[in-house]
Amino acid sequence: MNLLLTEDPGVAGQGAAGMISLVVMLVCWFGIMYFLMIRPQKKEQKKKAALINSVEVGDSILTTSGFYGTVIDVTEEDVIVEFGNNKNCRIPMKKAAIEQVEKPDAE
């Protein structure tokens, strides 16, 4: 009674169909993970990069550490920000530390 050594083509076909359905299931799961996790993160990164590239002199900003300031100078990777009422408090910082940008009202 050796059932494992039978050469029935139906038994071999069931194994291949099971493997194909497993591969299809894995591809579906990766697709779902892409649309639920990776794609929104990339959208957020593009949005943040556009925000950082839009920084100009005179803009009010909020840093990632919670400080509000006004941009005094902009370079390739850095900005010089003036904090508070004391006009002597100017600090250079990386553009990546900018959380929000508020453009001055055009009057």
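Colleague: How many aromatic pairs does the structure hold?
Modeller: Two aromatic pairs. Keep in mind that this is a predicted model.

Colleague: Is Phe35 buried or exposed?
Modeller: Phe35 counts as exposed, because its relative accessibility is 51% and the cut-off is over 50%. Tyr34 is partly exposed, at 35%.

Colleague: And which residues form the other pair?
Modeller: Phe67 and Phe83, also edge-to-face. That pair has 5.9 Å centre to centre and 70 degrees between the planes.

Colleague: Where do those two sit in the chain?
Modeller: Phe67 is in the loop between β1 (60-63) and β2 (68-74). Phe83 is in strand β3. They are 16 residues apart, so the pair links distant parts of the chain.

Colleague: Is Phe83 buried or exposed?
Modeller: Buried, because its relative accessible area is 12% and buried means under 20%.

Colleague: Which residues make up the largest nonpolar core?
Modeller: Eight residues, including Phe83, Val71 and Ile61. Strand β3 (residues 78-83) gives the largest share, three residues.

Colleague: What is Val71 in contact with?
Modeller: Beyond its neighbours within four places in sequence, the contacts of Val71 include Val55, Ile61 and Ile80. Glu56 and Asp59 are among them too.

Colleague: Switching to the surface. Which residues form a nonpolar patch there?
Modeller: Tyr34 and Phe35 are among them, along with Met25 and Trp29. Together the patch has about 930 Å² of accessible area. Tyr34 itself lies in helix α1 (residues 9-53).

Terms used
Residues are numbered from 1 along each chain as its sequence is written. This is a predicted model: local features need pLDDT of at least 70, side-chain atom pairs count only at pLDDT 80 or more; totals for chains, interfaces and linings use all residues. Side-chain values use heavy atoms; hydrogens and water are left out. A nonpolar core is a set of buried Ala, Val, Leu, Ile, Met, Phe, Trp, Tyr and Cys residues joined through side-chain atoms within 4.5 Å. Buried means under 20% relative accessible area, exposed over 50%, partly exposed in between (1.4 Å probe, protein chains only). Helices (H or I, at least four residues) and strands (E, at least two) are DSSP runs, numbered from the N terminus. Contact means heavy atoms within 4.5 Å. Patches are made of residues with over 30% relative accessible area and no salt bridge: like charges are joined within 9 Å, nonpolar side chains (Val, Leu, Ile, Met, Phe, Trp, Tyr) within 5 Å. Accessible areas come from the Shrake-Rupley method with a 1.4 Å probe; for residues, only the protein chains shown count as cover. A salt bridge is a side-chain nitrogen of Lys or Arg within 4 Å of a carboxyl oxygen of Asp or Glu. Rings of Phe, Tyr and Trp (its six-membered ring) pair if their centres lie within 6.5 Å; planes under 30 degrees apart count as stacked, over 60 as edge-to-face and the rest as tilted.
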